[in-house]
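The stops below move from one side chain to the next.

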Amino acid sequence: MIGIIIGVVLIGVAVGLWFYRKNQMDKALNIRYQETTTTKFIWENYESISVAVGNGNYTEIVELKGVARCQQPLQAEHSKMPVVYYRASVIREYEVEEQETDSNGNTRWVTKRRSDTISTNEQSVPFYVDDNSGKPIRVDMQGADKITQKTMDRFEREFSQSYLNEQSWGSQFSSYHSSSNYNSSNTLGYRLVEEAIPVNAQLYIYGEASDRNGELSVIKPKDKNQNFIVSVKSEEQLVESAQSSAKWSLIGMIASAVGGVAAIVWGIVAG
């Protein structure tokens, strides 16, 4: 019975990997075969369609390469950089003593390293992409696959109270500090991790140019088969990454399917 359950789970994993592989292959094809356009060309198309049929009717899948511009950017939580998007985390790293039992029934205490995320904060703001061809176009990142750059990965042994008082996550830290989990373990320190899309970063953008929200913007496509990507990585890097993910998911899919069938057969025979 156990073999059959394991087999069904592995086949389920294989099915999930098949869908993931298809998604990555579609993503690579979309990026590779979409021709890069300019903000000037998009504005010209938009204006001609608006004159012909009125506002709210323009929509087009576009690929743009330009610089992120924003007059009122966010300030990233850890690095304090001006950004249009960031995700910042505070992670506590610590050691705990755990009891292990070997195959002979002997027990011993071992020290193991663990980590807990104390705080995670994710923020974004609309911005304009400027490719120097004409008037910049607004980008609303809601629902986008955001490919970022790491702006901080720093380990701190401890924080001063004055430092914590200045941080938005200081209250969360204080609450965690008084928890039973904190008091039952040995703190090694805290890791500040942050990823962001900085202002003035060179970006690759794939999405839908539309005025259906009242202003010409690049937004998430209505067509679920289309991607919405805002990336600090280049077009070539994104295609290579998607192809690599598709390759490894194919290997995992085959291994899971073969293992699942074998486990089911073993379960039937053993049963």
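Exposure here is set by relative accessible area: buried is under 20%, exposed over 50%, and partly exposed in between (1.4 Å probe, protein chains only). This is a predicted model, so local features need pLDDT of at least 70 and side-chain atom pairs pLDDT 80 or more, while totals for chains, interfaces and linings use all residues. Numbering starts from 1 along each chain as its sequence is written, and side-chain values use heavy atoms, without hydrogens and water.

Select E240. It is exposed, because its relative accessibility is 56%. E240 sits in helix α6, residues 235-270 (helices are DSSP runs of H or I, at least four residues; strands are runs of E, at least two; both are numbered from the N terminus).

Next, the salt bridges: a side-chain nitrogen of Lys or Arg within 4 Å of a carboxyl oxygen of Asp or Glu. The structure has 16.

Pick E98 and R114. They form one, at 3.1 Å from N to O. E98 belongs to strand β3 (residues 82-101) and R114 to strand β4 (residues 107-124), so the pair ties together parts 16 residues apart in sequence. Both are partly exposed: E98 at 27%, R114 at 32%.

Move to R108 and E100. Their closest N and O atoms are 3.7 Å apart in a salt bridge. R108 is exposed at 53%; E100 is partly exposed at 26%.

Finish at K150 and D153, bridged at 3.7 Å, N to O.
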